[in-house]
Amino acid sequence: MKYETQVPQSFREITFKIMRYNPHLPGDQARIQEYKLTEALGMTVFIALNMIRENQDPTLQFDFVCRAGICGSCAMMINGEPKLACRTLTATYENGVITLMPMPTFELIADLSVNTGAAMRRMSERIEGWIHDPHQDERDIAKLEEPMDPALAEHIYEFERCIECGACMAACATRRLRKEFLGAAGFMRIARFEADPRDKRSPEEYYDLVGDEEGVFGCMTLLGCEDFCPKELPHQEQIARLRRKMVATAR
Amino acid sequence: MTYDIVIVGAGGGGMYAALEAIRRNPALKIAVISKVYPTRSHTSAAQGGVNAALANKHKDDTIDLHIFDTIKGSDYLGDQDSITYLCEQAPILIRELENLGAPFSRLEDGSIAQRPFGGASRHRCCYCADKTGHTVLQTLFEQCMRYGIQFFNEYYLLSIEENDGKCQGVIALNLRDSKIHKFEANSVILATGGYAKMYWHKSSNAAGLTGDGGAAALRAGIPLKDMEFVQFHPTGLRKSGLLVTEGARGEGGYLINNKGERFMSKYAPEKMELGPRDLVSRSIEIEIREGLGFESTAGQFIKLDLTHLGAELIMQRLPQIRELCIYFEGVDPILEPIPVRPTAHYSMGGIDVNTSCETNIEGIYAVGEGACVSVHGANRLGGNSLLDILVFGKRAGMEVVERASKSGQPKISDSQVEDQQKYIDGLFGKTHHERYDVIREELGTTLGENAGIYRTKDALTKGVADVYELRERFKKVKVADHSRLFNTNLMQVMELGSMLDLALCVAKGALAREESRGSHSRIDFPTRDDKNWHKHSIFKMTAEGDIAVSDKPVTMGKHELQERTY
Ligand SMILES: Cc1cc2nc3c(=O)[nH]c(=O)nc-3n(C[C@H](O)[C@H](O)[C@H](O)COP(=O)(O)OP(=O)(O)OC[C@H]3O[C@@H](n4cnc5c(N)ncnc54)[C@H](O)[C@@H]3O)c2cc1C
Ligand code: SF4
Ligand code: FES
């Protein structure tokens with residue numbers, strides 16, 4: 001079997017060009033600040049940012065929680081592409097220059113920190129991202145659970161893997177142009193509930209949620225979402241499927 | 001603002017409490033405060049699953065067996081009334097989560113799947129593939145949105161306020177603008193998560209697991225319990241402490257020392273690398289102590305060798321682990337052994353509460369990894385901690401609803417708010433020069449060396465002295481960023497303060513407890529001593545800010561003390 005080894009061997013000096021701007025600070029101006037540091041074995045952008053904050057500039061703002069690609073808080077534009085800082089090796093950038101910008105389309109908090117949380121909550125509320133079942137609270141939970149086909153459970157789980165990092169939305173040209181466009185993470189949530197037999201919403205109800213230009217019909221299939229989703233969720237396949245379904249419902 | 005209920009922490013424990021309360025009484029005004037966005041809470045890192053005796057896989061599993069496994073796992077330090085409640089509620093909880101939409105993996109017959117887990121006598125662990133915590137958290141957050149629960153994200157708990165032994169609410173800092181807010185309420189639930197991050201680079205935990213809730217509780221006069229019990233996982237990556245799951249050894253990985261020996265042959269000749277967690281952790285530690293480990297600038301370690309498994313197997317069955325090793329150690333396990341060492345993983349101790357989640361102050365409750373009910377005693381079983389946060393999260397939600405209608409008007413005075421303002425202003429003090437990251441690093445090092453897996457009187461005495469010294473230096477710590485807008489630096493300094501207070505409890509408790517029980521192994525007292533030490537440790541903060549250690553009996557039930565052998 002062939003495999004590529006990605007182990008970096010060099011200890012070179014690398015340069016970070018980082019966008020600095022705090023919109024809440026009166027008079028603050030957007031600028032690019034440069035930081036240099038020595039690369040280490042297995043260094044990620046996240047490790048480098050922490051070193052910069054600890055040794056060079058305590059005022060630098062960026063988000064992280066888990067440092068392991070699980071929580072979705074550290075997405076940012078790394079040399080123009082939306083990526084998780086904790087999952088991006090500095091060694092992947094051959095010329096040793098790494099430019100960091102905050103993700104577009106989200107509210108900027110400061111520097112590299114954006115409010116993905118607020119956007120995700122708004123998205124979930126808009127599509128009412130929870131199980132809808134008028135009889136849900138009447139069920140006797142002391143009794144055996146309703147059976148579910150294992151393959152179906154896995155199918156639902158597949159969509160549930162989204163970590164709400166926002167990379168798909170930052171990579172989406174449509175969303176950059178139109179803030180009201182739901183965005184790929186939203187379609188994943190819709191696909192998740194629509195696939196779940198426990199959610200009793202009708203096709204018409206789903207149509208009302210996403211059957212318009214701000215929903216699935218706004219997508220221009222530019223594929224940014226699929227290219228940059230760190231969890232490799234099946235965006236285009238699901239958007240296409242939802243569209244067909246919406247068209248059928250409209251008839 | 002005044003609320004009926006304030007919940008601090010939006011992990012699994014906090015959100016279940018919020019959900020249960022609002023479902024019981026939709027008219028209640030509930031605020032959930034969290035220093036991170038709810039679904040980024042650490043609960044999302046749990047992969048393995050949740051235990052419940054559903055008997056889907058093994059038809060002969062029973063709640064009684066689950067109870068016994070948990071008591072035995074706790075090395076008889078768990079309270080049997082609480083453990084009984086935990087295990088009885090487990091099947092109901094899983095089915096409730098299922099009903100709310102959690103996508104549990106299924107067996108062929110369509111029932112919820114169950115996998116084997118350490119210390120369990122039956123296949124009892126329910127899971128959603130390898131992201132159980134993430135999906136549980138997501139499901140709970142969905143339901144909280146459905147009921148319109150109000151979240152205050154990026155708020156940091158500063159203090160718990162009481163008057164005459166009655167809860168008045170909490171004071172928190174809005175991290176966005178550094179403004180102080182009071183949240184007045186007759187009922188407060190603390191669900192702030194564990195404290196194992198104090199071991200810093202030797203911890204599998206996320207950055208925020210600094211025990212803030214416990215530290216605030218101590219300052220408010222609420223005792224902590226069994227703090228010396230910290231669980232170590234045998235294989236954390238050398239540099240970051242991130243977890244290499246048991247799967248790597250399950251597939252046939254070897255643990256080797258600097259002589260190239262598979263040293264587990266000395267400690268567990270039959271099970272070898274697949275011995276129980278605490279035994280493997282202790283064996284690695286002995287090798288390192290005897291000079292059989294490897295040296296590096298990032299500390300001593302031993303190697304987990306997968307190279308003999310071949311590229312194909314590693315790529316197919318352990319792709320996640322390979323990725324982790326490449327990202328975080330710069331080592332490709334196909335070509336080279338992985339540098340590992342035990343990593344602090346779970347905190348058994350926490351805020352002292354009873355089965356109803358009540359603290360010593362009326363109206364203040366605690367749940368989750370930050371609380372100690374105690375169901376895990378001296379050692380928690382895998383899959384029981386998610387269960388703990390869900391069962392007792394729900395229980396606390398029930399309890400506060402009972403209370404909500406019965407209490408008067410809560411009140412936090414202006415002077416209480418001013419005290420907190422002074423504290424924050426003090427941290428910005430101009431003459432300060434100590435670096436928080438240096439203190440934090442030193443704290444992790446001394447805890448790892450002196451209050452780690454193996455403990456002795458001499459090492460612990462040094463550990464306690466070191467923590468005292470670091471606490472002194474912390475008084476002069478510098479907040480380098482003077483901005484009032486989203487000051488991460490300020491938060492990290494406050495978190496360090498929490499870790500230092502709780503570290504003192506860990507070290508002092510470990511020094512006091514002259515026996516070996518569960519995760520607590522004293523070289524100088526190698527056996528369990530039920531006569532003198534079958535009791536909980538209790539930690540209180542004195543008026544001078546020191547920590548006093550006392551004890552409290554264990555609640556027994558139908559299971560008598562027995563030797564714990566596997
Ligand atoms: C790598 C890993 C794998 C694990 N796998 C499993 C497993 O398979 N099965 C299992 O049962 N358990 C597992 N566990 C343990 C389990 O995940 C935790 O015990 C559990 O999730 C803790 O939940 P919690 O609700 O108590 O706290 P958390 O989920 O940690 O949430 C704490 C909350 O408190 C908030 N908070 C903290 N401090 C403050 C403050 N000062 N101000 C405001 N808010 C604050 C945080 O923002 C957060 O919302 C694992 C743990 C780790 C580290
Ligand atoms: S769908 Fe993928 S890219 Fe989009 S938020 Fe979820 S994990 Fe991130
Ligand atoms: S820090 Fe959690 S995904 Fe990067």
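Modeller: We begin with a definition: helices are DSSP runs of at least four residues and strands are runs of at least two, both numbered from the N terminus. Please keep in mind throughout that this is a predicted model.

Colleague: Is L28(B) buried or exposed?

Modeller: The cut-off for buried is under 20% relative accessible area, and because L28(B) has 10% relative accessibility, it counts as buried. Leaving aside neighbours within four places in sequence, L28(B) is in contact with D4(B), I5(B), A21(B), I22(B), V401(B) and A404(B).

Colleague: How far is L28(B) from D352(B), in sequence and in space?

Modeller: The two are 324 residues apart in sequence and 27 Å apart in space, taken from C-alpha to C-alpha.

Colleague: How should I read the overall form of chain B, and how many helices and strands does it have?

Modeller: Chain B has 16 helices and 21 strands, and its C-alpha trace spans about 65 × 60 × 50 Å along the principal axes. A compact globule of 566 residues would have a radius of gyration near 24 Å, and the 23 Å of chain B therefore agrees with that expectation. Of those 566 residues, 66% are buried, and among contacts with a separation of 6 or more, 73% join residues 24 or more positions apart.

Colleague: What are the corresponding values for chain A?

Modeller: Chain A has nine helices and seven strands, with a C-alpha trace that spans about 60 × 50 × 35 Å along its principal axes. Of its 251 residues, 56% count as buried, while residues 24 or more positions apart account for 63% of its contacts with a separation of 6 or more. Chain A exposes about 11100 Å², of which carbon and sulfur atoms supply 52%, and chain B exposes about 19000 Å², of which they supply 50%.

Colleague: Which residues touch the most other members of the largest nonpolar core?

Modeller: A core of this kind is a set of buried nonpolar residues joined through side-chain atoms. The largest has 208 residues, and those touching the most other members are F16(A), L100(A), V6(B), F183(B) and M198(B). Helix 15 (residues 488-512) of chain B gives the most to this core, with 14 residues. A second, separate core of 34 residues includes C71(A), I284(B), I321(B) and I338(B). To return to F183(B), its contacts beyond four places in sequence include M1(B), Y3(B), V6(B), F152(B), Y155(B) and I412(B).

Colleague: How do I judge whether a helix is enclosed?

Modeller: One general point comes first: an α-helix has 3.6 residues a turn, so residues three or four places apart point the same way. In helix 6 (residues 184-194) of chain A, eleven of the eleven residues are buried, so this helix is largely enclosed by the rest of the structure. Its buried residues include charged ones, among them R189(A), R192(A) and E194(A).

Colleague: And how many residues are buried in helix 10 of chain B?

Modeller: Helix 10 (residues 319-329) of chain B is mostly covered, with eight of its eleven residues buried; among them are I321(B), L324(B), I326(B) and F328(B). The buried residues pack against strand 11 (230-237), helix 6 (247-250), helix 9 (310-317) and strand 14 (338-347) of chain B. After helix 10 of chain B comes G330(B), with a positive phi near 70°.

Colleague: Which residues other than glycine have a positive phi?

Modeller: Such residues include E232(A), with a phi of about 50°, and E154(B), with a phi near 60°. E232(A) lies in the loop between helix 8 (224-228) and helix 9 (235-250) of chain A, and because its relative accessibility is 66%, it counts as exposed. E154(B) lies in the loop between strand 6 (150-153) and strand 7 (155-163) of chain B, and its relative accessibility of 18% means that it counts as buried.

Colleague: Where is there a cis peptide bond?

Modeller: A cis peptide bond, with omega about 0°, joins V373(B) and S374(B). S374(B) has its place in the loop between strand 17 (371-372) and helix 11 (384-404) of chain B.

Definitions and conventions
Residues are numbered from 1 along each chain as its sequence is written. Chains are lettered from A and ligands numbered from 1 in the order in which they are written. This is a predicted model: local features need pLDDT of at least 70, side-chain atom pairs count only at pLDDT 80 or more; totals for chains, interfaces and linings use all residues. Side-chain values use heavy atoms; hydrogens and water are left out. The radius of gyration is taken over C-alpha atoms; the globule rule is 2.2 Å times the number of residues to the power 0.38. Buried means under 20% relative accessible area, exposed over 50%, partly exposed in between (1.4 Å probe, protein chains only). Contact means heavy atoms within 4.5 Å. Accessible areas come from the Shrake-Rupley method with a 1.4 Å probe; for residues, only the protein chains shown count as cover. A nonpolar core is a set of buried Ala, Val, Leu, Ile, Met, Phe, Trp, Tyr and Cys residues joined through side-chain atoms within 4.5 Å.
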